[in-house]
Amino acid sequence: MAGQSVYAALEPLLPRVTKPIQYVGGELNAQTKPWDCGGDDTVRWALLYPDAYEVGLPNQGLQILYEVLNEDPRTLAERTYSVWPDLEALMREAGVPQFTVDGHRPVGDFDLLGVSFATELGYTNLLSALDLAAIPLHSADRTEAHPIVVAGGHAAFNPEPVADFIDAAALGDGEQAVKTITEVVRAHRHLGREATLTALAKTPGVYVPSRYDVEYLPDGRIRRVVPNREGVPWRVAKNTVTDLDEWPYPKQPLVPLAETVHERMSVEIFRGCTRGCRFCQAGMITRPVRERSLQTVGKMVADGLAKTGFSEVGLLSLSSADHSEIDQIATQLADRYEESKTSLSLPSTRVDAFNVTLANELSRSGRRSGLTFAPEGGSERLRRVINKQVSEEDLIRTTTTAYGAGWQQVKLYFMCGLPTETDEDVLGIAAMAKEVIRQGREAAGRPVRVTVSIGGFVPKPHTPFQWAAQADPDVIDARLAMLRQSVGRDKAIGFRYHDGKPGQVEGLLARGDRRVGAVIEAVWRDGGRFDGWSEHFSYDRWMTQAAAVGIDVAWYTTRERGETEVLPWDHLDAGLDKDWLWADWQDALAAAEGGGDGVEDCRWTPCFDCGVCPGLDLEIEQGPTGRQLLPLSPV
Ligand code: SF4
């Protein structure tokens, strides 16, 4: 019978695998509803995070959808995560299918399988989950018996490399979209799978790859992408939730049973970013800025703490200190929770938005959680190219403030391989780190430490750098080696970096088209799993399999694209005007030579017509509102 728990078959396998606790479910605030909770109308979602439990459980997006869906009495949602290779082998031996951690139900029994991609390196894990669930890998081979596979998350803004494996992609904010998709499926499933997919293809914000044909030019570039059914739009526009206060989720965050990457409660204080960093896909595709009000943040923190017992609250967003009332939020929350020693943290903070008030409020509980700043580029010139308008003085002032306020360690994040980058730009990182330490020591009167963390730059769709040539991994590796030498043996400077190879695969998947799906499948068939984990990632496997299926990796990664080239994601609309993106790319190149216009933040300057707001018929929503949080008693 559909929806039966497979726990009896799974349980004997668990003592034989690492961290079995991650597969048992039953976390505080988890939900398991009856399989037929809505009678014949029940729509059932399995929500997959295609990575291990420890990474997937804290994911806010998945927790939000889980709650929003389960609030509907006729809808049921359960979670599933990627199983580690040790359990996968045993499940195959014992015939145990991919299961949900809530009801331990077979994923293949659900009506929909939603998969949230934070990164493209999760694509092979989708194939593992499909195969373990006995769902055909290719959408074209699925029947009425199989779930409809819907991708979401940032990587869904170019789902072409996984177009053969998914049935649909939901673009943009998921809260409302997931409810709309549920209703379309409820209304059309009696007409069959094909009719349901066509109905989804006509639903705003939903892209159904099989309803589009891709035509190519003789040189391999795309000629055009054409809808192949009447009524299917030429371009699919993203979903945007305009008022975050109407969607205060998660209301009851999940408390993990096993160790996870974040052991705290998170409250998203705003969505979107208009700083205009040219490398940043998250900032571009989540525009415009929508702030959550001080009152709603206060209520979400109070309710969430009461329901979870966490002692740390992360105030989440792409750049939390940019909230127009961040000082009030920090001060008033610190007032409320000082006695209870609940600590506040800002997981991402812009160098130029951090200040003494914030530093003091964040440390009032007595705890100072990690502070990370991201100058991204090692020289002023490069920071102008990427439109990260942060001066070295800003950075030193900020880190010195933090050291002076009691922090002993800050983390600085940079990228290597940015467009127009030279060896000197990268060596500038070492010089900057040394200066941070020198002035920090002076201000604090004691030893201080800085950790320099470096990631390889990957050009992403829907950004001004979508046309850029990605740096060759050998170039990145040579620059990182040079930087390491320049940092030398200074014990005050920690140095963390990854080699350039995973970035090249991420680049292939990020800007790939439908033909790249053959590489993903070949890699997976050859044993590729958990590509985001260095101990599982195999560069050689990716290169060998790409060559075997006739894909030229360099063509997709280190090739600069021209203005008129049709990009694989041009028919997916993140709201940004392509001409504006191109002009901004030209400004970046001009900045490399000392010219070009920088882009200010449209929260504080007039609109510069990136294209997002007119389509949404809204104004940028932000404070300050001047409202106050009332004292809570007792905390
Ligand atoms: S349309 Fe204007 S106001 Fe809206 S995000 Fe773009 S630049 Fe900012």
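**Briefing: charges, contacts and backbone geometry**

Glutamate 563 counts as partly exposed because its relative accessibility is 44%. The model described here is a predicted one, and its side chains form 49 salt bridges.

- Glutamate 563 sits in the loop that runs between helix H19 (553–557) and strand E19 (572–573).

**Salt bridges**

- Side chains of opposite charge can pair when their charged atoms come close.
- Arginine 603 and aspartate 322 are joined through their side chains in a salt bridge with an N to O distance of 3.5 Å. This pair links distant parts of the chain, 281 residues apart, since arginine 603 belongs to the loop between H20 and H21, while aspartate 322 belongs to the loop between strand E13 (312–316) and helix H10 (326–337). Arginine 603 and aspartate 322 are both buried.
- Arginine 479 and glutamate 421 form another salt bridge, in which the closest N and O atoms are 2.9 Å apart.
- Arginine 221 pairs with aspartate 219 in a salt bridge whose closest N and O atoms are 2.8 Å apart. Arginine 221 is partly exposed, having a relative accessible area of 26%, and aspartate 219 is also partly exposed, with a value of 43%.
- A network of salt bridges links Asp41, Asp72, Arg74, Glu183 and Arg186.

**Residues and their contacts**

- Threonine 399, located in helix H13 (residues 392–404), counts as buried because its relative accessibility is 0%. Apart from residues up to four places away in sequence, threonine 399 touches Phe373, Val410, Leu412 and Val436.
- Glutamine 281 lies in helix H8 (residues 281–285) and is buried, with a relative accessible area of 9%. When neighbours within four places in sequence are set aside, the contacts of glutamine 281 are His154, Lys460, Pro461 and Thr463.
- Phenylalanine 608 is placed in the loop between helix H20 (578–592) and helix H21 (612–616). Beyond its neighbours within four places in sequence, phenylalanine 608 is in contact with several residues, among them Thr274, Arg287, Trp580 and Cys602. Tryptophan 580 is 28 residues away from phenylalanine 608 in sequence, and their C-alpha atoms are 9.1 Å apart in space.

**Backbone geometry**

- The peptide bond between tyrosine 249 and proline 250 is cis, with omega at about -5°; proline 250 is in the loop between strand E9 (236–237) and strand E10 (265–268).
- A cis peptide bond also leads from arginine 287 to proline 288, where omega is near -5°, and proline 288 falls in the loop between H8 and strand E12 (290–291).
- Asparagine 387, in the loop between helix H12 (380–385) and H13, has a positive phi near 60° although it is a residue other than glycine. This asparagine 387 counts as buried, at 3% relative accessibility.
- Threonine 420, found in the loop between E16 and H14, is not a glycine but has a positive phi of about 70°. Threonine 420 is partly exposed, with a relative accessible area of 31%.

Conventions. Residues are numbered from 1 along each chain as its sequence is written. This is a predicted model: local features need pLDDT of at least 70, side-chain atom pairs count only at pLDDT 80 or more; totals for chains, interfaces and linings use all residues. Side-chain values use heavy atoms; hydrogens and water are left out. Helices (H or I, at least four residues) and strands (E, at least two) are DSSP runs, numbered from the N terminus. Buried means under 20% relative accessible area, exposed over 50%, partly exposed in between (1.4 Å probe, protein chains only). Contact means heavy atoms within 4.5 Å. A salt bridge is a side-chain nitrogen of Lys or Arg within 4 Å of a carboxyl oxygen of Asp or Glu.
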